[in-house]
Each structure stands twice: as structure tokens, then as C-alpha cells.
Amino acid sequence: MLRLLMGLSLPLLGAAALCSLPAAAQARTLEARIAKVVTSVARLEQVRVRLAWPDGAAQGELELQAGRIEAPELGYRFQNVAWRCPLRRDGRGGWRCAGELRAPGGAPLTLALDLGVASTDARLSCGASAVSLQRAAATPDLTRIDLTRVPLAWTQALAAQAWSEGRIKSGTLDGRLDIAAPARAPLRIAGELRLAGAGFDTPDGLIAGEKLAADLRVDSELGAVTRVRLGGRLRDGEMLFGNAYIALQGKPVELDVQAESAPGQGWRLPRIAWRDPGALSASGSAALRGDASIEALDLQLDSPELAPLRERYLSGFLGLAGLAQLELSGGLDAQLSLRGGDLSQASARLREVRLRDAQGRFRFDGLDGTLAYSDAAPRESELSWRSGALYGLEFGATRLPFSSDHGEFRLQRAISFPMLGGRVGADNLRLRPPAGGKGLDLRFGLNLDKLDVGQLSKALDWPAFTGELSGRIPEAHYADERLELDGGLAMQLFGGTVEVSSLAMERPLGVAPTLSSDLALRNIDLESLTGVFGFGSITGRLYGRIDSLRLVDWQPTAFDAELHTEKTRGVRQRISQRAVQDLSSVGDSSFVGSLQDRLIGFFDDFGYARLGISCKLADEVCQMGGLDAAKPGPDGRPGFVIVRGAGVPHLDVVGYNHRVDWPTLLERMEAVSKGELKPVVQ
């Protein structure tokens, strides 16, 4: 924009100097010092004009210098600007001069000036970039400027008048602008521009743009109140506004924005219109603070088809929520209002919306109805879905009646829907969207009634467990990417009970979700359990606990487990030879008994008094233990009893490896369950 300003100011200064020349121009040298020159656009101080024209020469040399140039309304201030050129007559009563223009810190430019009788023309160029200026004597307040591949960075000072934090990084401008500077009215700039390869950002990186291309209409008024209207077509590019990332992907968008700002205030946008055919139409108004953050916003949105929105508009928000590959379809129209940067009012009408997480964590089909939010007076709405799934677990249809006031959603009544052959219910749901610097806060009660564990096991690719899952969570609380559940769940498995308590999840839908809980096992039928896992047969009743269980991305990373049998009236306690061998293979155990090892193969099973094993997992190492200590082995290592034999034949199973690599242990367990690990008893 320095070049544009020079094109406005120095030609006028040159014209003033030439007007002082006598018609015959007989003087060898003419020099003038001017304290101040004021034009409709700029003010020049410490001006020096020098003209040397030898007697009889066809041309002279003109030199202009300005110690200071200011154009406050355009935001430009320069020092020590100089222009030198050969001056000649044009044969029609005017003058021509073309030469080098210099200013400290910048590359030299070429300024060509044509001062005609009825017009003033100037052209400022640097390589392929040029700014041309035309001004007619009949309309002295009107200047026309033609731009050819002008670097967008030249407009930095002008842009800073409207947006002090913005930094222009790249891009070029082509087009034409008309600048009207009447004496008693605001400066007006209007015209059409073509933008290519534009890039901008802010120091904090929260606002940015890259590779922007646009055909724009500009009409601005720079006075006591600055008013701008910007319209046209964005042809391509990417933009970031906080968490909102917009990628046009070469598909044009129609834009129309009106804005105004008074000194010391932010911007008010009485009109915003955005039309992306087939994807999104938006209209409304806004108010921005001085740092371009949102003070107030009112928008109406309509999307006939949601599928394009993920890549074009929603990837920033979805990425933060861990839903970067969320698949969308269906239609939606919505209204929203923000005040003080927080959501004030909102409503959305969904039309056969389908949401599908590419990672298989959830799916909703046939979302339909309305959803309304209010931070003041109550509003009611109702949403429904036809079917869905959570981590592959299918569930059926339901309707959700909501009310909202004072910044909170509430479920008006308890709901339930079919799932896994039973029912899942929710009640006391309360949701607060992010506001006042706080994130999303969700609370609800949960009921599980006779869910089929067999179907659950199949969906999650678990062993073929059977039984029922029931329980009551009085309150589940989600905040700061953490889900905590009060109460507990109970599963009826293998003739006994598994109780789950202290449930909590971190990043349930984000990257590497984490689950923690405590489990208690009571009266589990070991024969059924070992049969499911492909172990040799063990009969008896199993009790125990798994405390401080922690799963990261659904893989165990820590727990403190202890399992043991308890003698139960009417229940035999026997362990098969294969089960002994499988335990030995997995746990690096040995046989110690009253029989010689070579005779063990003659017996199918053995009686036992007690069975117990423990494992404390940390840093991928299991610290193993058993019922009690055993005599050291042949190599002197201390042992621990896993199975205490009873009767004849008497057989104890003793472990000697107190520290077992967890990945190796998992591999052995998988191999045993598939019958691939066959130990040799010596």
C-alpha cells in the first residue's frame, strides 16, 4: 500500500511543483522547500522540490523528497521518501516524468507520472506488479486505481485499521477501486477485486487463512464511523476461526457481509450471509470485540444434506471430540444466539439424520424431531431415534422429551429402549453446554435390566459367556472428558455373580479411552468358566476380586487381582490333568506331589483342597502369587502354591516365576485356549 500512497501523494506534489514553472522554463535550477502539503488523502511534511533544466535542453530532471508522509485514514506513515525522474513536455501542454522511487527499508520502484491538462495519470510498478492511478481535473475528488498482481502485503497497514491483530502473509490482488475524497464527507473506497493465494493469521494462531481465492465487491466508508460492505464469491481456500476449520475444497461460496466500527470499539456486523449450495446456508448478524472474538452472534442455518459438512466445516470441532471420521447424513435447520461468547438460545430441527462413527463406537439412525436450548425462559422439545448401536451393541427406538431453561437441558421423564434382549433406561438427565469458561457437564441415571451377556460377549468378541447383566447407576457424571458412575452393576455369570463398582471413564469417545473399576467375583462355577476359556476342566466355586482395574484403549494396563476357591457343600473340587498342564504352561509352574512325575499321566484328574492365584499388574509385568509360600525349587528359587492337593493321588501345583511378562502371559493364555501350547511333563 506504500506504492499506492505514493501514487496518490507524489503526483500531486509534482503537479504543484510544475505549476510553478514559467511557460518558457528558462531557469537552469528551481528549488523549493515546503513545510507542509495537505491533500484529500495524505499529509506531506518537510517537502523539497528541485528541478534542473539546462538552457536549450529538451528535458530537465525533477527530484522530489518528503521527510514525512501520513495518511491516517489509511493507516500509512513513511519517512524520507524520494523520487527522481527526467521531466519532459508531452506536446499537449502537459508533462511526463518516469523514474525511481525509494524509501528506507524497501526495494526501489518505478513511478511514471503523466500530468495532462485535463487529467493526472500515475503508474507505480515493481516487476509484474503495478498500481495505476487516474484523476480527471473535472472531478478532483475522485481517483481511480487499477491493480495488477499487487502483493496483498501492501495492504497490511490499511487492513490493520480494521483488524489490528491480523497479519497478511501472502496473496495478490487484481481489480479496480474508485476512491472518493470529498472535502466534507468520509473517504469512500469502492470497486471489484480478485484475490489469489491469500494467506493471513494472528500472533496466537487462533485465526488463519491459506490459499484463499475470491472475486469480491468492496464498498467502504472511512470516517468517524467506518462502514464496509463485502460481497462476492469465495472460490477456494482454508480458514480457521478458533476451533472452526473451513475448507472450501474448490467449491465456490457466495458471501455478503456488512460491517461498521467506531473508534475504540469492535465491529458490528448487521448482515452476514453465506451460501454454499447443497451444503449450508447461513444468515444473521454479529458483534466482535477488538480482538475479533465473538461478543454476540445470531445465526440461522439450513443444511439440506449434512454429509459435506464434516470436511468443509466441522472437522475442527469433531477432531477435538475424537470424532474426526464421523459420518453424517440427513437434513437440519437451526437457529442459535451467543451472548458474551456463550450460547444463549438455540434450536435445531433434525430430518432423518444418521450419525455413524467410523471406529464403530456408536451409531444413530433416524434421528428426528427438535432440540431447543435456553439460558432464560423454558423451552420444550422432543427428539427421537429409530435405532442405534453403542460399541456394536444394538439398541431400539425411543423418544426423548426435553425441557430447557437457565442454561440446562433436562429429560422430562424416564425413558427406556430395548437392548441385548433386555432394556436400558435413563432418567434425571441434565446437560449443561460449555459456558463461562466451563466445559460440557452431563449427569444422568442409568438402569440395566436383564441384558443378555451372551449377546454382549458376541458383540465385543469375548469368550462365549452366558448370563444376565442388571444394575442401577443412580448418577453418571461426565465433565472434563471424564465419566464417573456412582452405584454399581451386577452380572449373573456362570451360576454366580460379578459385581462392578467404582466405574469411571476418561475420553470415552476420544483418543485412547481409559476405563477404571473394581470387580468382585462370588460363587462362580469353575467348570463352566474353564470350559468357556478352553482350559482343562476344574470343578469348584471361585471367589475373588480385581481391584484398581485400568484399561487403556480397552487393553489392561494395571490391576490387583486375587482369585481363590471356597469349599461349598455338595460341590466336588477336582482338577483335570490337562488343567494342571495348562496352568503350568501359562504360569511357568512345576509339579510337586506324592507320586513320581512319570506316573502323573496315568490319572485323568486329581482332588484339591484349595486353589488360588494372584497377579498385580504394573508396567507390563505381573507380580505373581498364590495360596501361600512353597519350598524352594531345585534351583533355590522360592515358590508359591497355586493348587493344594487333597487325597490320593496327591498333587500340588507350585509356581516359581514371581515376575511374569504380561504380553507373554497373554500369548500363552491364547495359545492354551486354542490348544496350541502342549507342555511336556518330565
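Which residue forms a disulfide with Cys 615? I looked it up, and the partner is Cys 622, with the two sulfur atoms 1.5 Å apart.

**Ground rules**

I'm working with a predicted model, where local features need pLDDT of at least 70, side-chain atom pairs count only at pLDDT 80 or more, and totals for chains, interfaces and linings use all residues. Residues are numbered from 1 along each chain as its sequence is written, and side-chain values use heavy atoms, with hydrogens and water left out.

**Entry 1: disulfides**

A disulfide is a covalent bond between the sulfur atoms of two cysteines. The cut-off for calling one here is a pair of cysteine sulfur atoms within 2.5 Å. I searched the whole structure and got 2 disulfides. One of them is the bond of Cys 85 and Cys 97, at 1.6 Å from S to S. Strands and helices are DSSP runs numbered from the N terminus, with at least two residues of type E for a strand and at least four of type H or I for a helix.

Are Cys 85 and Cys 97 buried or exposed? Both are buried. I noted the cut-offs: buried is under 20% relative accessible area, exposed is over 50%, and partly exposed is in between (1.4 Å probe, protein chains only).

Then I went back to the pair from my opening question. Cys 615 counts as buried because its relative accessibility is 10%, and Cys 622 counts as buried at 0%. Counting bonded cysteines along the chain, the pattern is 1-2, 3-4. I looked at Cys 126 too, and it is partly exposed because its relative accessible area is 33%.

**Entry 2: salt bridges**

My rule for a salt bridge is a side-chain nitrogen of Lys or Arg within 4 Å of a carboxyl oxygen of Asp or Glu. By that rule I get 53 salt bridges. I picked a few to look at.

Asp 201 and Lys 169 meet in one, at 3.9 Å from N to O. They link distant parts of the chain, with Asp 201 in strand β11 (residues 187–201) and Lys 169 in strand β10 (residues 167–180), 32 residues apart. Asp 201 is buried at 14% relative accessible area, while Lys 169 is partly exposed at 46%.

Asp 256 and Arg 271 make another, at 2.9 Å from N to O. Asp 256 is in strand β15 (residues 253–261) and Arg 271 in strand β16 (residues 267–276), so this pair ties together parts that are 15 residues apart in sequence. Asp 256 is buried, with a value of 11%, and Arg 271 is partly exposed at 35%.

Where does the partner of Glu 352 sit? Glu 352 forms a salt bridge with Arg 386, and their closest N and O atoms are 3.2 Å apart. Arg 386 is in the loop between β22 (379–385) and β23 (387–390), while Glu 352 is in strand β20 (residues 342–356), 34 residues apart. Glu 352 is partly exposed at 44%, and so is Arg 386, at 47%.

I also found a network of salt bridges, made of Arg 43, Glu 45, Arg 68 and Glu 70.

**Entry 3: positive phi**

Asn 80 is in strand β4 and counts as exposed because its relative accessibility is 52%.

Phe 494 is not a glycine either, and its phi is positive at about 50°. I found Phe 494 in the loop between β31 (482–493) and β32 (496–506). Phe 494 is buried because its relative accessible area is 9%.

**Entry 4: a pair far apart in sequence**

Last, I looked up Glu 670, in helix α7 (residues 662–673). It is partly exposed at 44% relative accessibility. Glu 670 and Phe 533 are 137 residues apart in sequence, and their C-alpha atoms are 9.0 Å apart in space.
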